[in-house]
Amino acid sequence: MGAITLGIVGFGVMGERLAGAALSHPDIRIAGGWDPSPRAAARWREVTGAAPFLPDADAVIEACDVLYIATPPAAHIPLARRAFKAGKAVFLEKPLATDLDEAAAFVAEAEEGRARAAVNFPMASSPAVEQVSRWRRDGHVGAPLRLDIVTDFARWPRHWQAAAAPWLARRQEGGFTREVLSHFLFLALRQLGPLAVVSAAVAYGDDDAAETAMAAELRAGEIPLSVSGTVGRIAEDEQHSWTLSGEAGAIRLRNWSLAERLQDGSWQPAAEALSNAEMRPLVLQRQLSKLRALVEGKPQDLATLREAFEVQAIVERILRNGAM
């Protein structure tokens, strides 16, 4: 099989990033894209050159082998269902939907129909996550005792998300718990197994604004998880840490790309550690290689619809149970 064809619906930051990566991937060809925004159409031409900007989402579905859905969440499931009906594979952004019941029904339908689908959790292809996993396999953590996740922002949405603020800044679809914390919960799910919410507290902004602070206690079996996030308490754009402590030691993932191990009382980075800016292109290329495998029905470890639903269910329970 030659290069697979990728269609993109939604050309905000995420659509632009994947399109840019696809242009340099030897096994991917961009079939076309669409976004209702005239500014997105202009950006499409700047980023992709001669790749077609098509008249609507159905034209993109018809043209491609796999549809990447990078729209606001409310459009994810309707677009995915149309792509499945046309026999196409689907690569979705998270969350799956704005309604948890709708997401559950969609996942059940897709599983019953053996749909080719995956969700864009880049940690499935992160070299830093691979390093964290190697440390665990090599016994540097031992039996896990607790997991701590901290995610903080100077502002929300982040400055590079300003164009998406009409939905990212609102409670119904946006907020950092859905947009960012979900990635770290996905990593927790893969490392420790199913998660359950014990308690949560969430502070919201004015009117229909998204959350400004969140704290929750979770469990993965008998392992306690502490999760917290804030907006406006740090000067840096964002800071994140995912720290797993065990009987033999502690490891962490910091600021997306830095795998670190606690040694002699201080955190030491992996020898091959890269900054997030350096690592992101590598991760996107790996995601695209796995996407080709998905289209061809070959084994790959992209995030499944079921995993994405389990993460979304935890996120929504935090936001619902913790509302103040």
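This is a predicted model: local features need pLDDT of at least 70, side-chain atom pairs count only at pLDDT 80 or more; totals for chains, interfaces and linings use all residues.
Two strands count as paired when DSSP finds at least two bridges between them.

Zooming out, S6 and S10 belong to an open sheet of 8 strands, ordered S7-S8-S9-S6-S10-S11-S12-S13, with mixed pairing. At the edges sit S7 (196-204) and S13 (266-269); each has a single partner strand, so one side of each is left without a neighbour in the sheet. From one strand to the next, the twist averages 15 degrees.

Helix H6 (residues 127-137) packs on it, touching S6, S10, S11 (250-254), S12 (258-263) and S13. The direction of H6 makes about 30 degrees with that of S12. Helix H8 (residues 176-192), for its part, lies across S6, S8 (211-220), S9 (223-231), S10 and S11. Relative to S6, H8 runs at about 160 degrees; angles over 145 degrees count as roughly antiparallel. S6, S10 and S11 therefore turn up in the list for H6 and again in the list for H8.

The other sheet to look at is also open, but here 5 strands follow the order S2-S1-S3-S4-S5 and the pairing is parallel. Its edge strands are S2 (28-34) and S5 (117-119), each of which pairs on one side only. The twist in this sheet averages 20 degrees from one strand to the next. Within it, S1 (residues 4-9) pairs with S2 in the parallel sense over 6 bridges, and Thr 5 stands opposite Arg 29 in S2.

The axes of H1 (residues 13-23) and H2 (residues 38-48) come within 10 Å and cross at roughly 25 degrees. That angle makes H1 roughly parallel to H2, because anything under 35 degrees counts as such. The crossing itself is right-handed. On the H1 side, the contact is made by Glu 16, Ala 19, Gly 20 and Leu 23. Facing them from H2 are Arg 43, Val 47 and Thr 48.

Methods. Residues are numbered from 1 along each chain as its sequence is written. Side-chain values use heavy atoms; hydrogens and water are left out. Helices (H or I, at least four residues) and strands (E, at least two) are DSSP runs, numbered from the N terminus. Axes are lines fitted to C-alpha atoms, for helices over the stretch in contact, and angles run from 0 to 180 degrees between N-to-C directions. Angles under 35 degrees count as roughly parallel, over 145 as roughly antiparallel, 65 to 115 as roughly perpendicular and the rest as oblique. A crossing is left-handed if the near helix is turned anticlockwise from the far one by less than a right angle, and right-handed if clockwise. Contact means heavy atoms within 4.5 Å.
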